[in-house]
Amino acid sequence: MTPSIPFMSQVWRRIETAPKPIPEDSLWLRVLVQLLVIAGIVATDVAIEEPLNLWAIPVSILGATWSWFRRRHRNVPIKFCIAIGMLVALATFFGRLFGEMNDTRLALARLLIELQVLHSFDLPRRQDLGYSMVIGLILLGVAGTLSQTMAFAPVVLVFLALALPTLILDYRSRLGLGDIQFKPKKNSQKLENSVNFKFVGIIFLIVVSLGLMIFVALPRFPGYQLRTFPVSSPIAMPPGQFDGRQILNPGYVSSGNNNNNNSGGGGSGLNQETGAGTLNDTFYYGFNTKINQNLRGELKPQDVLRVRSQARGFWRVIAFDRYTGQGWEISRNDQTIPLKRSIWSYQFNLFPVMTKAKTQEVVQSYTVLQQLPSLIPAMDKPKEIYFPTEEIAVDPDGNLRSPLELREGMTYTVISQVPYRNRNQLQQASTNYPKNIKKYYLQVPAQIQEKVRKKTEEVLASVNQVAQNKKPLDSTYEKVLYLAQYLKQNPNYKLQKEPPFLRENEDLVEAFLFGYQDSPPGEKITGGYPDHFSTVLTMMLRSIGIPARLVAGFNPGEFNPFTGLYVVKNTDAFAMTEVYFPEYGWFAFNPIPGMDLIPPSVEEDQTFSALKVFWNWVAGWLPSPVANGLQAILGTIILGLLQGIRWFFSFFTEGWLGIFSGLIITTGVAFLGWLSWDIWKGWCYRRWLAKLPPEESLYQQLLQILASKGYPKHPTQTPLEYAFWLQPYHPVAEAEVIDELSQAYMGWRYGGKSVNVDQMQQLLMNLKKAQWKRLNYRGWSKLSRKLGIGNRK
């Protein structure tokens, strides 16, 4: 019924008279496109590890089914409803943006899924299916940026396995070949009505193999191109209750603070701050305002963090300045400074202490996998942090504190200005320490100070005999290195699986160096847990006037080259020593046996990290001599390539002469590359011809000659149809030769007739000569006309 309003009547009439869209009748194409969309939806949920969008799968299937049965109708009411639904989805999207201001990827993905669900109810044409294919691809790309585990990889393979036949069917639809048939009807051409799944499988394997090779060799350049970093949704906290002094550790509740909302973390109750005790098997004991190193036990491995970082590093958590004899504590805990961010941004500015050392900006994004204490891991010298709470706190030792425990699923980002460790600079650093440094970082208990100092000086005095080096250790840096190596390598100080408990008045450092009081009769046990080595090195340095402190954090963890993330476990937590160098700041040293003396930092190049991991895997299967030889050869080749690239780009920094030289070299290299490729193609073509029967080889040469002159054979043409099509474009003599060669080939190929190969070869040679003469004659005629020479009447 036509509407009574004149304007609407005209609009309705135009809609009714408009030509109907040409519907897409390929059922298999529609099914595969729908499966691609489902794969994209599943990919997003796998990436975020939450089933937020699974509802869209049955609804989109319902919409696609409706579209199949209504593909020949105009569906005007449905289109209006879809438009209204898209406006509602857009409004909902803008509402979500206020909760996810700093990372809109998930909000955009949900908007795209909602639009696709609405779009699935109106898919009459092939172009509409093409939009759905693109949406599925975009969803897969968004999921790739969100994914942090290998669970995303199978979805990529499924998507690729679906995409290849989908593209084939889409191309068939463009050519008008109709739908595929798995069982071709009688008298139907198999090539036109079915898909060669063996060929598709081969293409799939080739694409996957090439993709993996490119992925492995792809350089990982450090750098976030955008300044919008991943952060969780904002977490509201009661105002006025956070002063930053308290650290909440679910496994070690400080005395007097049993009601600090520590449930759900697997904690074992009250933290035993002094005396013998048992370690919590889930939470590292070192993340608190006060730690007790007279606890015994071990951690059960659990993944606690995923870190995406521009450089491999030590994820620093907390530092301690006061040694208590059997542990450590933070002496200036009451001087913690709360910081508040703007309500419009997640950014906190931290203003780290200036340093004379060269620095590099490193961006790290952390995702919490298990509940952690209210301390914020970060690389050294953080200058900005993007955190979901409205307040954080920082203490005098640079420890970052959260108002609540780090919850499972929380994400935050830190930008650190990490200093380079220049050994020459640190060797020349002065020993004129500021008063504030000497006041807090030279403290040694009086009862052990003299004994530890004498032991330390004895170790340093023996350096000439041990190293056979007459040059004394005259710099702080070299003394620290030697003492750390001494503790790592001295067989008297071993890592103890279960060292004896310390008695009430027994000092940890004294027991470690000279023996525990509870050692078995006739046996002196020295050494201790890994963290005990760092405590001992810190006190040995303090005893000879070198400021040092204990710092606890996480090792980098295991790098996954496929996700680009470091997976950190609770067992990666440990403590090491930081030493102060005037004007340069604090630098860490690790005296624990079996670990690197210098913790990883920005000095390590991660550009080809995936290739390095792949090579380590391959080298593990090869004999050592073969692996070493290949490594030396590949290293030389890669180094040569990098030096060549550096040399080439250096031209463009030398003014106009350098730019022209670079362009000339680029042109020469491009020409040599083209020439090499052309020679390679010719060699491959001749090798291919040599493998063919002589009759087939001669006919293929004929096709090549004609194609090079601009007359290629269409795949659907038979040899005789092709020869007939060529007649108007060639002289009679050449056309007869082409026809004779085609007839001979047809008789051999389909009639089983014998062919005089020598005669065919002679005809082909004559055709080549005729083509060459005709080409030269035409070229000379054109040149003559341009120059005004030649025969004139």
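A residue counts as buried here when its relative accessible area is under 20%, as exposed when it is over 50%, and as partly exposed in between (1.4 Å probe, protein chains only). Keep in mind that this is a predicted model, in which local features need pLDDT of at least 70 and side-chain atom pairs count only at pLDDT 80 or more, while totals for chains, interfaces and linings use all residues. Residues are numbered from 1 along each chain as its sequence is written, and side-chain values use heavy atoms, with hydrogens and water left out.

Let's start with helix α6, residues 126-146. Helices are DSSP runs of H or I with at least four residues, numbered from the N terminus. The 21 residues of α6 reach 31 Å from first C-alpha to last, close to the 30 Å expected at 1.5 Å a residue; the expected span is 1.5 Å times one less than the number of residues. Its buried residues are D128, L129, S132, M133, I135, G136, L139, L140, V142, A143 and L146. They pack against α2 (27-48), α5 (105-119) and α7 (152-175), where contact means heavy atoms within 4.5 Å.

Axes are lines fitted to C-alpha atoms, for helices over the stretch in contact, and angles run from 0 to 180 degrees between N-to-C directions. On the α2 side, V37, I41, T44 and I48 meet L106, A109, I113 and Q116 of α5. By class, this contact has six nonpolar, two polar and no charged residues. Nonpolar covers Ala, Val, Leu, Ile, Met, Phe, Trp, Tyr, Cys and Pro; charged covers Asp, Glu, Lys and Arg; the others, Gly among them, are polar.

Helix α5 also meets α4 (residues 76-97), with axes that come within 10 Å and cross at roughly 170°. So α4 is roughly antiparallel to α5 as well. Residues in this contact include F93 and R96 from α4, and E114 and H119 from α5.

Key. Helix = DSSP H or I, 4+ residues; strand = E, 2+ residues; numbered from the N terminus. Parallel < 35°, antiparallel > 145°, perpendicular 65-115°, else oblique.
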